[in-house]
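Please walk me through this protein model.

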Amino acid sequence: MASPGFFTCMLLALFIGIWPCHAQNVTLSVYYETLCPYCSDFIVNHLVKLFHSRLFSIVNLRLVPWGNAVLQSDGSFLCQHGPNECLLNTIEACTISVYPNEEQHLSFILCLERLASANKLNEWINCFNTTGLATVPIDCYKSGYGNVLENQYAAETAQLDPPHKFVPWVLVDGQPLQEDFKNFVTYVCNAYKGEQVPEACHPLPLMNNSLKKATPSYPVCYAT
């Protein structure tokens, strides 16, 4: 049986036209770069868990495709894995902007990162057909607006406190998970204070000091 809080949220949604319970969602922020193999692995094999067991219902996802890139004095970008990474960072930034629905743009990014992992980057444009999205992000890139978005992401990444040391750099409600980023589901579930707890959270242990200290070391792309 649904809780009274759930019905309260439904009534508020009907009368004021919004879903206020989303304010209780946990913000999951992922700072990454498209051609870092460890970012691709995280997105394809771990972040994909958001599609499982209604986990998306308690998460506000923020993807920030800038990573360890450098904004040069002439305004151009220098990306850790070369010009193709700058191109694909911008394409993903445009996709996030054009398709703000989190499940839509994550589906596209998952497709692209799978191709990156399989060394099939020349097929990335097919991800629009695969996900059923129009190619408007390419127009965004060609118009130069993608560079505006990337400048915004560069500024946001530079303002991280503490600064990011590597990518993927994952935050839950503003708190960096450091080396324990692959354990993000546990952190999300423990940060969620709402009543509609998804199935994915039920078997997870409560966060404790020993768990926070037990941070395994995974391969990452370090900032240079």
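What percentage of the 224 residues in the protein is buried? Buried residues make up 45% of them. A residue counts as buried when its relative accessible area is under 20%. This is a predicted model, and its pLDDT, the predictor's confidence in each residue, averages 88 over the protein. Of the residues, 84% score at least 70.

Two stretches call for caution. Over residues 1-21 the pLDDT stays under 50, and the model has 17 contacts beyond four places in sequence for this stretch. Over residues 209-214 the pLDDT also stays under 50, with eight such contacts in the model.

The protein has nine helices and eight strands. Among contacts with a separation of 6 or more, 71% are accounted for by residues 24 or more positions apart. The protein exposes about 11,400 Å², and carbon and sulfur atoms supply 55% of that area.

Val-167 lies in strand β5, which covers residues 166-167. Val-167 counts as buried because its relative accessibility is 0%, and the cut-off for buried is under 20%. Leaving aside residues up to four places away in sequence, Val-167 touches Tyr-31, Tyr-32, Glu-33, Cys-36, Cys-39, Gly-67, Asn-68, Val-220 and Cys-221. One of these, Cys-39, is 128 residues from Val-167 along the chain, yet the C-alpha atoms of the two are separated by 6.6 Å.

Now to the cysteines. A disulfide is a covalent bond between the sulfur atoms of two cysteines. In this model a pair is counted when the sulfur atoms are within 2.5 Å, and by this rule the count comes to five disulfides. Three of them are described here, beginning with the pair Cys-79 and Cys-86.

The sulfur atoms of Cys-79 and Cys-86 are 2.1 Å apart. The angle about their S-S bond is 115°, and the link is right-handed. Cys-79 has a relative accessibility of 8%, so this residue counts as buried. Cys-86 is at 14% and therefore counts as buried too.

How far apart are the sulfur atoms of Cys-111 and Cys-127? They lie 2.2 Å from each other and form a disulfide. This disulfide is left-handed because the torsion about its S-S bond is about -85°. Cys-111 belongs to helix α4 (residues 102-117) and Cys-127 to helix α5 (residues 126-131), so the pair ties together parts that are 16 residues apart in sequence. Both Cys-111 and Cys-127 are buried.

A further disulfide joins Cys-189 to Cys-201, with 2.0 Å from S to S. The link of Cys-189 and Cys-201 has -75° about the S-S bond and is left-handed. The pair links distant parts of the chain, twelve residues apart: Cys-189 is in helix α8 (residues 184-191), while Cys-201 is in the loop between α8 and α9 (209-213). Cys-189 and Cys-201 are both buried.

Cys-39, by contrast, is in no disulfide. The nearest cysteine sulfur is that of Cys-36, 3.7 Å away. Why does Cys-39 count as buried? The reason is its relative accessibility of 1%, given that buried means under 20%.

Key. Residues are numbered from 1 along each chain as its sequence is written. This is a predicted model: local features need pLDDT of at least 70, side-chain atom pairs count only at pLDDT 80 or more; totals for chains, interfaces and linings use all residues. Side-chain values use heavy atoms; hydrogens and water are left out. Helices (H or I, at least four residues) and strands (E, at least two) are DSSP runs, numbered from the N terminus. Buried means under 20% relative accessible area, exposed over 50%, partly exposed in between (1.4 Å probe, protein chains only). Contact means heavy atoms within 4.5 Å. pLDDT is the predictor's confidence in each residue, from 0 to 100. Accessible areas come from the Shrake-Rupley method with a 1.4 Å probe; for residues, only the protein chains shown count as cover.
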